[in-house]
Amino acid sequence: MEDKFSDDQIGRARVQDSPELVAYYKELETLGAGALWTVANDIEPWEPRSSSVPMLWKYDDLRELVLKSSELVTPEQAGRRVVYLVNDKRKDVSAAVGWLYTGIQVTRPGESTSAHKHKASALRFIMEGEGGYTVVDGNKITFEVNDFVITPNSTWHEHGVAENGKTCIWQDGLDIPLVNA
């Protein structure tokens, strides 16, 4: 690593342990505390270190399984039928990357989810179908393929597809892991 990224420079933590400091750290630990300089270089690295790993989810591989979910469970049973995408290194928080959750939701003609709200903010990118809608705080918004819809956190909302519509599939994105953290 180049010198400019060395931790051996002013502004970076460079404290050497001594018996007095080790005793001090133990005392802090008993109170659920610690000295920042013991972890500063790790928690504030020179460049961000992602705990996620590169992943590739192909819609063509997932589409049939997303549709199959609409045959296996009803919206009343599941609340929302979503196949979520989880990063191999973020399974503990059900995140696709970093602190973000994503999934692929399916709704058939004549179906709707019950009104609900959550602390997470949401976005939806409509991938296929016709006659889809979302209702946010009582305002009905219809959407078409390639539309992008956002739902602010803590707003009542529901989703559905008109009786004469076609099965809709959209990608959900929410900051659930971040809010939970």
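Over the ring of which residue does the charged end of Arg12 sit? I looked it up in this model, which is predicted, and found Trp46, with the charged end of Arg12 4.6 Å from the ring centre.

Next I checked for another case of this kind. Arg90 lies over the face of Trp99, and the distance to the ring centre is 4.6 Å.

Then I turned to ring pairs. I got a count of 5 aromatic pairs. One of them joins Phe5 and Trp46 edge-to-face, with 5.8 Å centre to centre and 80° between the planes. I noted where the two partners are: Phe5 is in the segment before helix 1 (19-30), while Trp46 is in the loop between helix 2 (40-43) and helix 3 (59-72), so this pair ties together parts 41 residues apart in sequence.

I moved on to Tyr25 and Trp37. Their ring centres are 6.4 Å apart and their planes are at 55°, so I logged the pair as tilted. Tyr25 belongs to helix 1 and Trp37 to the loop between helix 1 and helix 2, so the pair ties together parts 12 residues apart in sequence. Tyr25 counts as buried, at 16% relative accessibility, whereas Trp37 is partly exposed at 36%.

Last entry: I followed the ring pairs onward from there. They link Tyr24, Tyr25 and Trp37 into a cluster.

Key
Residues are numbered from 1 along each chain as its sequence is written. This is a predicted model: local features need pLDDT of at least 70, side-chain atom pairs count only at pLDDT 80 or more; totals for chains, interfaces and linings use all residues. Side-chain values use heavy atoms; hydrogens and water are left out. Rings of Phe, Tyr and Trp (its six-membered ring) pair if their centres lie within 6.5 Å; planes under 30 degrees apart count as stacked, over 60 as edge-to-face and the rest as tilted. Helices (H or I, at least four residues) and strands (E, at least two) are DSSP runs, numbered from the N terminus. Buried means under 20% relative accessible area, exposed over 50%, partly exposed in between (1.4 Å probe, protein chains only). A charge sits over a ring if NZ of Lys or CZ of Arg is within 6 Å of the ring centre and within 35 degrees of the ring normal.
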